[in-house]
Amino acid sequence: MPKGPRNSQKMSVNQNYFQGGNSVSRKLAVANSFYTSTNLDFRTDPSQISVLPASRQMATNLTDLITAMDQDLNGVRYGVGNNGGLYRINTSNAVSSIGQLTSNGSAALYYNQTTDQLYIPGQQTVSMYGQCTMTNSGGPRLRLDQFAQSASQGAGTIFLFNNTDGLFDGFPRNNAQSFITGITEANVQQVTSTGTSTYILPTTIIENDLVNKCYFAPDIEPFYSIQIFIKTIGTGNWTLTLHDSLNNVLEAVTITNANLIANQFNEFKFATSGGITALVNASQTGNSPTYHFHLTSSVTNDTATVQTINTNDLSSVNFLLFAYRLVKTRNGWHPTTMFTGTGTQTLCIGNGPYLSTYNFGNDANPSNGQWSRHTLTFKVGEEVCGISTNNQYLVIACERRSSNANRNYQAGTLYFWSGTTNQPDFRIDVPMGAPYGLYTFNNVTYFACAGSLFAWSGGQTVIKVRKLAYQNTDYLGVVDSTIVNPNMFTSRYNLLMMGYPTSTTNTSLGYGIWSWGTVELTFPDSYGLSYTQSHGLLNYSSANQLQIGCCVNFVDSMYSSWSYIDSGGITRYGLDLVDNSSTAASIFNLTSLIYDGGVRYKTKNAYRFKLSFVALPTGCTLQPLISLDRGAFVSGPTAPAGATSLIYETNNSRFHEIQWGFQGTCPPGLTTPPTITGLTMEVDPLTEEVELRDDG
Amino acid sequence: MYPSTEDPNTDSAETYQNMPNMSMMFTMYNTTFGNGAFAIQPPSPGEVGRGFPTVPYLSLAALFYQQQASNPSLAPVNIKSGNNVGEQVVQGAYTNTDAAGTSRVLSGFQPGGASSILNTANTQAAL
């Protein structure tokens with residue numbers, strides 16, 4: 001007698017445990033999984049499913065997309081937006097604008113409880129706001145660009161090149177190194193020359209000697225300006241031309257004669273956007289790849305002179321190299337956190353291809369030792385896209401961004417720094433793509449990369465945990481450009497919450513706050529779309545330009561920001577909140593795995609589907625969903641209020657594959673949401689029918 | 001190990017799939033070669049199954065334990081030395097002498113000296 005799939009009677013395919021969560025596969029998963037869910041709680045008690053609280057919009061007065069948040073000692077919360085808006089969220093969750101940065105925000109905000117100040121990195125400066133909890137003396141003050149451009153005090157710019165030992169340890173050109181504070185444009189004139197000689201400006205650049213150029217080895221970048229101590233202004237317009245070692249012109253800056261002032265520093269400010277990027281720490285001698293500048297006058301035989309140490313030797317000119325506080329990054333971010341591995345409380349700021357550190361040594365005007373722009377140097381082209389701590393390490397995620405959105409890099413790196421070395425302790429390459437949303441939870445550092453969730457917890461490898469979304473544009477005909485902001489991951493009630501994605505060109509990605517974790521050790525970690533945002537949009541389109549800015553949880557309150565363009569073409573910004581005053585989500589749904597009985601080839605028959613639930617609250621709807629052979633879901637009528645079950649007759653639906661589920665709604669203000677306890681499908685295996693025949 | 005789907009008491013609500021994790025934790029999984037114990041249950045139904053097929057659950061935490069045991073991360077080099085931009089200055093400060101007062105070890109930049117073991121190009125004075 002031939003063997004084959006045989007059953008003697010109808011049977012029920014039942015699911016009334018749900019600890020498996022959302023599956024990657026439509027059919028294969030750990031036990032008690034389902035394919036999708038929206039706004040459902042399947043963890044609190046995995047033997048049932050209820051509806052999670054809704055994200056509700058709490059602010060309509062935002063003018064940009066909040067990308068970072070923090071809280072002061074009194075519980076007041078703050079947010080900074082992508083366009084530089086600064087917001088205060090009081091303890092009643094009223095949102096007010098408290099200022100505007102001079103540049104876009106950089107997804108960074110840190111509150112120091114001791115100084116009672118917010119430290120707010122912009123694009124190339126860092127502003128402060130505080131004292132946050134002080135109510136007297138006019139209240140907190142916004143100090144815009146408190147940490148801005150300042151001058152190098154390094155040997156490579158201050159000391160003359162010493163031909164004897166090949167180092168920049170010759171005579172100092174000024175007393176900049178005696179300053180215990182930073183040298184800024186405000187105090188630059190206090191820097192005094194050490195030389196008494198002069199150099200007369202020629203009218204043309206002279207390269208073939210060493211006395212008509214001033215070479216230096218920068219220790220900070222990007223260059224903001226070069227300030228020259230002018231002795232005599234002469235009659236011509238002055239031009240400073242900055243060259244690299246190959247004499248490529250990096251920029252030439254001209255100041256008209258009328259705007260020059262004798263016997264003081266005059267600033268030649270570079271116009272290049274973001275400043276002149278340069279190699280630091282690489283230029284060791286005057287003959288190695290270094291930088292130099294020339295000074296020329298527009299007037300022949302001009303009397304224009306600068307202060308020098310050696311007569312007619314521009315290389316000994318009294319100058320100061322100014323650099324921006326922060327590198328202007330392509331990704332627009334300066335992720336920021338606190339780290340104490342250095343032995344002191346240290347503000348760590350992702351500074352493009354560097355890690356910048358500040359020991360809070362002088363909020364008024366820190367020296368370059370107190371505020372180090374380039375404490376760590378990463379690979380050229382890398383930019384910090386996330387920062388976190390794990391054990392004794394500061395974990396720094398770097399990505400590479402091209403200037404072409406359609407031709408981005410596929411590269412990333414995780415750097416680990418103990419704070420006790422002058423280079424990262426070790427690194428892990430992430431060639432899969434940019435490691436976004438870096439966040440440490442349970443001492444496991446998670447990040448999103450190329451549509452998947454990865455984790456690292458001390459080993460040599462990063463572990464791919466699971467797919468987050470179908471970040472794969474095969475057959476879509478569009479270039480994927482999916483970005484996740486630095487502050488999109490957070491933890492809420494011991495679960496990892498992931499705002500995903502921030503922005504994308506992929507219309508297949510589902511937007512929302514996704515969760516990962518388990519309610520207890522016995523149950524598996526599971527995944528699901530826990531919170532959709534108040535606008536109700538779930539996918540990007542070229543019309544809506546949907547974005548999530550950040551997702552930050554404070555104990556019982558989880559904030560998530562968003563922006564989109566409405567049907568009228570108006571950009572809307574909002575901040576959602578889930579807290580203990582939230583009511584049930586207005587919509588919810590679940591779809592099961594596809595059932596084929598393990599014999600896809602054989603025809604089966606579905607008789608009826610039963611949903612079991614706790615008495616349905618008044619005002620709620622709950623409908624069954626059925627899909628045959630991967631067709632569109634068909635919904636049945638809703639259960640009435642008070643009912644505890646619902647039968648949906650499938651009308652002898654023959655199938656090879658079948659999928660079921662439910663969808664429902666909750667009325668506003670509901671705090672006792674529906675609770676589903678079981679999904680059961682009655683199936684006839686059709687044992688007497690021919691097993692193999694055409695699907696049609 | 002796995003109940004047969006011929007058992008009328010079996011359906012997809014069973015949680016036995018957690019069990020294989022015990023063995024995989026120690027032997028069957030690594031991040032290079034993946035899950036060596038991967039299996040789909042029921043493996044050979046021989047009938048129309050009454051539930052969904054399942055795969056063994058692999059705990060991330062268990063994997064971390066295994067990974068940390070077999071591939072511990074490197075301990076940091078707990079030394080901060082050498083050229084360190086804008087932060088550290090070593091200038092003739094370290095001299096060890098023996099009991100007779102004779103210098104035995106001398107390191108660091110020597111002011112006025114013709115050479116130095118340090119590259120001082122990017123060092124600066126104490127701030």
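**Entry 1: strand 51 of chain A**

I began with Val13(A), which stands opposite Met681(A) in strand 51 of chain A. I note here that the model is predicted. I then looked up the strand pairing behind this position: strand 1 (residues 11-15) of chain A runs antiparallel to strand 51 (residues 675-684) of chain A, and five bridges join them.

Next I followed strand 51 of chain A to strand 6 (residues 49-51) of chain A; two bridges link these strands, again in the antiparallel sense. In this pairing I found Ile49(A) opposite Ile676(A) of strand 51.

I also looked up strand 46 (residues 604-613) of chain A, which is joined to strand 51 of chain A by eight bridges and runs antiparallel to it. Here Ala606(A) faces Val683(A) of strand 51.

**Entry 2: the sheet 12-13-14-15**

I turned to an open sheet in chain A, in which four strands follow the order 12-13-14-15 with antiparallel pairing. Which strands are at its edges? I recorded strand 12 (110-112) and strand 15 (141-147) of chain A, each of which pairs on one side only. On average, neighbouring strands of this sheet are turned by 25 degrees against each other, direction ignored.

Within the sheet I examined strand 14 (residues 126-130) of chain A, which is connected to strand 15 of chain A by four bridges and runs antiparallel to it. I located Val126(A) opposite Phe147(A) of strand 15.

**Entry 3: the sheet 26-27-28-29**

I looked up a further open sheet of chain A, built from four strands in the order 26-27-28-29, with antiparallel pairing. Why is one side of strand 26 and of strand 29 left without a neighbour in the sheet? Strand 26 (336-339) and strand 29 (371-377) of chain A stand at the edges and each has a single partner strand, so one side of each has no neighbour in the sheet.

I then checked strand 28 (residues 354-358) of chain A and found four bridges between it and strand 29 of chain A, the two running antiparallel. Leu355(A) lies opposite Leu376(A) of strand 29.

**Entry 4: the nonpolar core**

I looked up the largest nonpolar core, which has 195 residues. Which residues touch the most other members? They are Ile120(A), Ile228(A), Ile396(A) and Met498(A). As a general point, nonpolar side chains tend to be buried together in soluble globular proteins.

I followed Ile228(A) further. Neighbours within four places in sequence set aside, Ile228(A) is in contact with Leu240(A), Phe265(A), Asn266(A), Phe268(A), Leu295(A), Val306(A), Val317(A) and Phe319(A).

**Entry 5: Thr502(A)**

I found Thr502(A) in the loop between strand 39 (495-500) and strand 40 (512-517) of chain A. Is Thr502(A) buried or exposed? Thr502(A) is buried, because 28 other C-beta atoms lie within 10 Å, and the cut-off for a buried residue is 20 or more.

I listed the residues that Thr502(A) touches, not counting those up to four places away in sequence: Ile483(A), Val484(A), Asn485(A), Met488(A), Gln547(A), Ile548(A) and Gly549(A). I also looked up Pro486(A), 16 residues from Thr502(A) along the chain; their C-alpha atoms are separated by 9.6 Å.

**Entry 6: chain B**

Finally I consulted chain B, which has two helices and four strands. Along the sequence I read the pattern α-β-β-α-β-β. Chain B has 127 residues, of which 28% count as buried. Among the contacts in chain B with a separation of 6 or more, 45% involve residues 24 or more positions apart.

Methods. Residues are numbered from 1 along each chain as its sequence is written. Chains are lettered from A and ligands numbered from 1 in the order in which they are written. This is a predicted model: local features need pLDDT of at least 70, side-chain atom pairs count only at pLDDT 80 or more; totals for chains, interfaces and linings use all residues. Two strands pair if DSSP finds at least two bridges between them. A residue is buried if 20 or more other C-beta atoms lie within 10 Å of its own, exposed if 12 or fewer, and partly exposed in between; C-beta atoms are placed from the backbone. Two residues are in contact if their C-beta atoms, placed from the backbone, lie within 7 Å. Axes are lines fitted to C-alpha atoms, for helices over the stretch in contact, and angles run from 0 to 180 degrees between N-to-C directions. A nonpolar core is a set of buried Ala, Val, Leu, Ile, Met, Phe, Trp, Tyr and Cys residues joined through C-beta atoms within 7 Å.
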